[in-house]
Amino acid sequence: AGLERYGPARTAMQKAVDIAPGYALARYQRGFLELTSGDTNAAQSTWYPLLDLPSDNTLNLFVQGMNKLIVDDFDAAVPHLEEGIRLNTELPPMNKDVTLILQQIREKLEAQVAVEEVDSGAHFLLRQYSFKDTKH
């Protein structure tokens with residue numbers, strides 16, 4: 001996957017999951033590749049068993065966050081992803097990917113706030129205009 005050979009990477013990751021279904025890291029990475037390839041249903045299906053891991057398990061937290069991300073619930077995704085990063089001491093390179101996702105979420109949330117502020121300001125001005133006696 002790192003060499004951008006996604007088809008063979010997906011096949012190899014599937015073989016790893018088939019050989020060792022309980023190998024959580026392979027399952028997470030397979031799902032992450034599916035997610036980043038745009039196949040959210042496959043990612044959720046691949047990740048489903050990871051939700052049985054302890055609630056403070058890094059992979060469980062990452063999956064919960066990614067599942068919230070899939071349904072555009074950015075506010076709910078952030079705490080799961082941040083906690084996963086905080087607890088992840090075994091696989092620090094994964095934190096880099098999740099940190100990039102968090103940055104994108106924050107940018108999207110900031111953009112939403114900016115749009116809401118503009119909309120609120122415009123709504124206020126239009127409402128003020130509608131109360132005036134003289135309309136041109």
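A bit of housekeeping comes before that. This is a predicted model, where local features need pLDDT of at least 70, side-chain atom pairs count only at pLDDT 80 or more, and totals for chains, interfaces and linings use all residues. Residues are numbered from 1 along each chain as its sequence is written, and side-chain values use heavy atoms, with hydrogens and water left out.

Helices here are DSSP runs of H or I with at least four residues, numbered from the N terminus. Let's start with α1 (residues 6–19) and α2 (24–36). Their axes come within 9 Å and cross at roughly 150°; axes are lines fitted to C-alpha atoms over the stretch in contact, with angles running from 0 to 180 degrees between N-to-C directions. The two helices are therefore roughly antiparallel to each other (the label for angles over 145 degrees). α1 passes α2 in a left-handed crossing, that is, the near helix is turned anticlockwise from the far one by less than a right angle. The contact (heavy atoms within 4.5 Å) includes Tyr 6, Arg 10 and Val 17 of α1 and Ala 26, Arg 30 and Leu 33 of α2. Its residues divide into 7 nonpolar, 3 polar and 4 charged, where Ala, Val, Leu, Ile, Met, Phe, Trp, Tyr, Cys and Pro count as nonpolar, Asp, Glu, Lys and Arg as charged, and the others, Gly among them, as polar.

Next, α2 packs on α3 at an angle of about 170°, with the axes 7 Å apart. That makes α2 roughly antiparallel to α3. Among the residues in touch are Arg 27, Gly 31 and Leu 35 of α2 with Ala 43 and Trp 47 of α3, and the tally is 6 nonpolar, 3 polar and 3 charged.

Then α3 (residues 40–47) meets α4 (residues 58–70) at about 155°, with their axes 11 Å apart. That makes this pair roughly antiparallel too. Thr 40, Gln 44 and Trp 47 of α3 touch Val 63, Met 66, Asn 67 and Ile 70 of α4, a set with 4 nonpolar, 3 polar and no charged residues.

Note on methods
Angles under 35 degrees count as roughly parallel, over 145 as roughly antiparallel, 65 to 115 as roughly perpendicular and the rest as oblique.
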